[in-house]
Structures are given as structure tokens and as C-alpha cells.
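Here is a friendly walk through some side-chain pairings and strand neighbours. Have the sequence and the 3D view at hand as you read.

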Amino acid sequence: MNDYIVLDIESPNTLTRSVSAIGIVIIRDNKIVDTIYSLINPEDFFEDEIISLTGITPDMVKDAPKFNEYWKEIEKLLLNNPIIGHNIKYDLTVISRSLYKYGINIPQFEYICTLNLSRKYLKLNSYALTSIMSDLNITYEAHNALADAEVTFYLFQYLEKFKEQTILDTHKFHLKTNAKKEINDYITPNKNELYGLLQELMYKEEITDKHLNLIKKWISNNSKNKKYVEISNITKKLEFFINKKDITKKDLNRLTVLITSVSKSEKYSREELNYQILTGILEMVYCDDKICQNEYNYLEKWLNYYELPIEVNKKEIMSSLTVK
């Protein structure tokens, strides 16, 4: 393959829904002809662990373009070229969910994943990009979107020695969402409550029966709403996962990607929609006598970022919590 782009993005948190930086390397006739890099204002909160990895802070992106603004600059590039990346489906998922957040039509992307190729052709203990580059004696600035994209280009060239990749080897990626479905405002609070429950559960150190019982309670309370396709589909997904012997963080992450919040409504204001999510978060928080530091940090950042009804006392909420 001679003409393509190599892509990498950074996110502010682990929720696979927003972009904080993007790096693109443009390849023509197997040579780098141009590079593109930009910080992005994700309009989302930052996790400390991610800041320590990427070095990107909220202050650094406050004047950067938002993704819906920057999309105009890169749309044709991403749609008219095969996209190469390491674990590229992650990047395309984040991009697609960012587009969805701004009400922009989610396109189909054409891609080749160097992670999959590495697993196919290389025998290594780890297939993380940093580990592979170390094995190839290549040093670079890891978790910088442009640097990651540049070394992924060299990795792709190396992998092509095993088999030349052509346009026939590309795969199609299109994130399926409920964007075309009209959300009934009757079920909006229920859906947002569940979203809050699942988001908070991600930060629990251990998933216990006590936590899963809250999910089961939500299913039971919404049994009468199964006539709505949206609730029926969500219930099936939830039942599949909670009926497993052990629900893992990986399972939970898949759920949080599948089940999104309602951010627009003719009936509810933005503050009311956020409060519905907060209801679910606090249910999950208060089901334990004490919470871990990660949970506390997540809730504090969430409360500082999202607009809520004026009667919500954020300081009172935080002061009611005990960190173990």
C-alpha cells in the first residue's frame, strides 16, 4: 500500500468518548509528505492517571478547538484514505463517539490495525506499541499523538516485509449508535440514571453483589418499560453481563460504550439531564459505607465539570463521603 494516513489520538479519560489531541501522518508513495497535530478541547473532565501519561492538562486545551470545529479540517483526509493505527479501532471509536456527541453524522472508516498485524506476524511477550518499539530499538515520546503515529508508520513498514498490505486488506469500521432513534422523554431519566450507575461502577476497586444488585434493581424497576425498544435492548445487554459468573472491568467498559446518556431533550434542561445522571452516580456511591480515592476524585471532577440545578449543593455531597 503506497498512499494512506497514520492516525493516533489521546483522550482526557478512560471513557472513550472525547479527544484531547490528534496526530496524523500523511503517506504518499510510501513516504511521509506531511504531518498534522493539534490539541483538542474535549469538553470533558481529565483523569489524573491520563494526565500523567499524556502530559496534557485542562489548561493546555482550554483555548484549543473543540472536536466539532476541528473535524472540518480533517474530515476529507480521514474519509478519503485508508487509516493505519495501533489498536486503531479504539481511536475510531473515540472519534465516532465524539461526532455523535456533537450531532454529526458518523461515517464509515477504512482501516488496517498494526496491533492485529503484530500479533499475526511477530512473536512477542507484549504487543503494546512502546514494547514493540523497544524490541525494534526505536525510542520516541510515547503517548504523544503525533509521535505515536510516526512510529506506527515505521512499524507498518516493518510489518509489510512479512506481507505487502493492499487496499484489499483494509477493514470497514462504522460505530452503531441509536442516533437515528428518537428517545422518548418518558424513559430519559431512567436511561440517564443507569448511565450514572455504570460510570461510577467503573471506579469501584471491586465489583460486588451489592453493586450488581443496583443494576438488577434498575432492570426490575424498568420491566414495565420494555415496550420501548431502547429499554428492551438495554435490558438484554445488562442481563447478559450480570448473569456471567464474574463481571470484569473489560465487560463493564463494553457496557459503558454501548449505553450512552441522553444529552438533549425537549422536556428537560441540560442541568436536569445532568442531575439524572448524578442520581445514578450517587446511588452507586452510597451503596458502600466508604469509597476509594479514585471514586472520590471522579465524583469531585464530575461535579466541578457539569452544570447542575442550583439547589444541588456540591460541597455538601463531597463532605458526606468517607474515603477509605
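Lys204 is buried, because its relative accessible area of 3% falls under the 20% cut-off. Keep in mind that this is a predicted model. Salt bridges with shared partners join Lys204 to Asp288 and Glu295 in one network. Within it, the side chains of Glu295 and Lys204 meet at 2.8 Å, N to O. Glu295 lies in helix H13 and Lys204 in the loop between helices H8 (188–201) and H9 (209–221), so this pair ties together parts 91 residues apart in sequence. Glu295 is buried too, with a relative accessible area of 3%.

How many salt bridges are counted here? The count comes to seven, and three of them are set out below.

| Salt bridge | N to O distance |
|---|---|
| Glu295 – Lys204 | 2.8 Å |
| Lys301 – Asp48 | 2.9 Å |
| Lys172 – Glu110 | 3.1 Å |

The Lys301 and Asp48 side chains form a salt bridge that links distant parts of the chain: Lys301 belongs to helix H13 (residues 293–305) and Asp48 to helix H1 (residues 48–54), 253 residues apart. Asp48 is partly exposed, at 44% relative accessible area.

Lys172 and Glu110 also form a salt bridge, and this one connects strand S6 with strand S5, across 62 residues.

Now to S5 itself (residues 109–113). Four of its five residues are buried, so the strand is largely enclosed by the rest of the structure. S5 is also joined to S4 (residues 83–85), by three bridges in the parallel sense, with Ile84 having Ile112 as its bridge partner. Between S4 and S5 the chain passes through helix H4 (residues 88–101), making a right-handed β-α-β crossover.

The loop between S4 and H4 holds His86, a buried residue with a relative accessible area of 12%. What does the side chain of His86 reach? It makes a polar contact with the side chain of Thr114 at 2.8 Å, and it reaches the backbone nitrogen of Leu115 at 3.4 Å. Leaving aside neighbours within four places in sequence, the residues in contact with His86 include Asp91, Cys113, Tyr127, Ile132 and Leu155.

Notes: Residues numbered from 1 in each chain as written. Predicted model: local features only at pLDDT ≥ 70, side-chain atom pairs only at ≥ 80, totals over all residues. Heavy atoms only, no water. Buried < 20%, exposed > 50% of the residue type's maximum accessible area, 1.4 Å probe, protein only. Helix = DSSP H or I, 4+ residues; strand = E, 2+ residues; numbered from the N terminus. Pairing = 2+ DSSP bridges. Right-handed = clockwise from strand over helix to strand, strands pointing away. Polar contact = N/O pair within 3.5 Å; in protein donor to acceptor, adjacent residues only side chain to side chain. Contact = heavy atoms within 4.5 Å. Salt bridge = Lys/Arg side-chain N within 4 Å of Asp/Glu carboxyl O.
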